[in-house]
Amino acid sequence: MLVAAFTVAVTSMAQQAPAGESRQQLVVTIVVDQLRTDYVEMLRNRFGKEGFNRLIDRGAYIENLHFDIVQPDIANTTAMLFTGAFPGVNGIAGEKIYRFATRQPDYSLSDPGKIGNFTNETFSPAALQVSTLADELRAATQYGMVHSIATDAQQAIIMAGHAANSAFWISDIDGKWATTTYYKEVPKPVADSNYKQPLATRLDTMVWHPSLRPEQYCDIATHKQYTRFGHTFAKNDRDRFVRFKHSPLANEEVTRMAMEYITALRLGKRGTTDMLCIGLTAAPYDFSGDGCNTIELQDTYLKLDAQIARLLQSIDTAVGLQNTLVVLASTGYYTDNSPYDERLCIPSGEFYPSRAISLLNMYLMAMHGNGEWVSGYYNGSFYLNRDLIKSKGLDLSAVRAKSSEFLRQMSGVSAAYHYEEILNNPSGAEAHRLHRCMVPSVAGDVTIEVAAGWRIVENERTKHKQVRMVRYNAISTPAFIMARGVVPRRISAPVEATTLAPSVSSILRVRSPNAAREMPLSLH
């Protein structure tokens, strides 16, 4: 088990807070998608004093929050943070899953039984199979409010959990604050924004300009030191809301709404403990045009720091930071699709899932007769036609094993595992990580690893062609916990991400989420 450099121990509730000390009045949890420790450290001297630097100086700073799962994304990592459990236990295998009925990928939290509010999207937390940090706080306080806001729909819902008052996100279609009818409340700040000052009426006036001169950023290539960017979101751009949500300007919108929640709803001032969950982004901006987004990424961090400072100042004014537990954590991964320059001669290749499906289908036809033996592929997993296999009287596990053997021989495939290998006592570190992420009801029949440096090319015959560079680099990602009684310190050794929820629960003196097995960190 990975532990922090300082002593990680089982601590009693009495040790976690001095006798007679009341629980914090407000809990603010901030999840920043793809936040990296190395960028926080690199830009510390360019940050102000009241954002990241305040969290570093006044709280526990975990330099490496370790998730240790395959194919991390914004949904499954957020679920780990809030449940203290791995995807195979909490039910959130990833942002999307393959639906056997439609033979298409679909959002994990998609729920046709619910209606969208300010959106046509239909979501609910039904797929989340365990309790969350927000659920446990709501249960412990009974009258405490829990609200969640983010740019991403599923992140907002996962942070809110099952028992929250509301969860809102920014719609990809019209930029409105959207939710699902699963949650019953529409806070006044959201209604005012949607009806009186919707994002759609303001977006074409927004421009993302750099905060510094090009030469003031760190480690910038010479050719980029003479250019300044200015990203806009024009009305005639059908993807303008998607582009906006991937820019740091979206953090400003979310922060503004968070500040309005705190004041309008009197969070932390109602005689009980309230919780506000906030989703922000530090993801690379993939719409820069020239494939080099180094300046944009650093500027995202500078603007993110400014928004964190605004939020902390607002909390201090309305509630008092001494009465607030602030938790900020990364989602623990980083996407980098920038290709290598061919002149570097780094080994590479292209893997086409559609061609792999065709070859596997031909192989199975040669063995078992004509038919559509492969139903589909999604995110590294192949899904066999289980109805056809059953109708032929074949053993499904044997067909899976043969398919896995065949796929292992394809160019660009470094490993392949069939369902039973992953489910039953897996051997090897990679198979064990796959086991942690396996939700049996939606798992593929064969899961492959594509070789590092290769490009996965999907939908190659359509205008929505997608190319993803395969990288297995470990990225250090941070977490911060700042609260009354938490001793400021820097924790350099890796800490399991599943430890965060029990640690926060311990500070609050509430039960850990019901699937969380890790003991809390001793932070006092």
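**Helix packing and burial**

Analyst: Helices here are DSSP runs of H or I with at least four residues, strands are runs of E with at least two, and both are numbered from the N terminus. The model is predicted: local features need pLDDT of at least 70, side-chain atom pairs count only at pLDDT 80 or more, and totals for chains, interfaces and linings use all residues. Residues are numbered from 1 along each chain as its sequence is written, and side-chain values use heavy atoms, with hydrogens and water left out.

User: At what angle do helix 4 and helix 7 pack?

Analyst: Two packed helices are described by the angle between their axes and the distance between the axes. Axes are lines fitted to C-alpha atoms, for helices over the stretch in contact, and angles run from 0 to 180 degrees between N-to-C directions. For helix 4 (residues 74–83) and helix 7 (residues 153–160), the angle is about 15° and the axes are 9 Å apart. That makes the two helices roughly parallel (under 35 degrees; over 145 is roughly antiparallel, 65 to 115 roughly perpendicular, and the rest oblique).

User: Which residues of helix 4 and helix 7 meet?

Analyst: Contact means heavy atoms within 4.5 Å. Ile74, Ala75, Thr78, Ala79 and Phe82 of helix 4 meet Gln154, Gln155, Ile158 and Met159 of helix 7.

User: How do helix 12 and helix 14 cross?

Analyst: The axes of helix 12 (residues 353–368) and helix 14 (residues 396–408) come within 10 Å and cross at roughly 130°. These helices are therefore oblique to each other, and their crossing is right-handed.

User: Which residues of helix 8 are buried, and which are exposed?

Analyst: An α-helix has 3.6 residues a turn, so residues three or four places apart point the same way. Buried means under 20% relative accessible area, exposed over 50%, and partly exposed in between (1.4 Å probe, protein chains only). In helix 8 (residues 188–196), Pro189, Val190, Ser193 and Asn194 are buried. They cover an arc of only 125° around the axis, which puts them on the same side of helix 8; the arc is that of the directions from the helix axis to the C-beta atoms. Lys188, Tyr195 and Lys196, on the other side, are exposed. The cover over the buried residues of helix 8 includes strand 8 (166–170), strand 9 (177–180) and helix 10 (249–264).

Definitions and conventions. Left-handed = near helix turned anticlockwise from the far one by under 90°.
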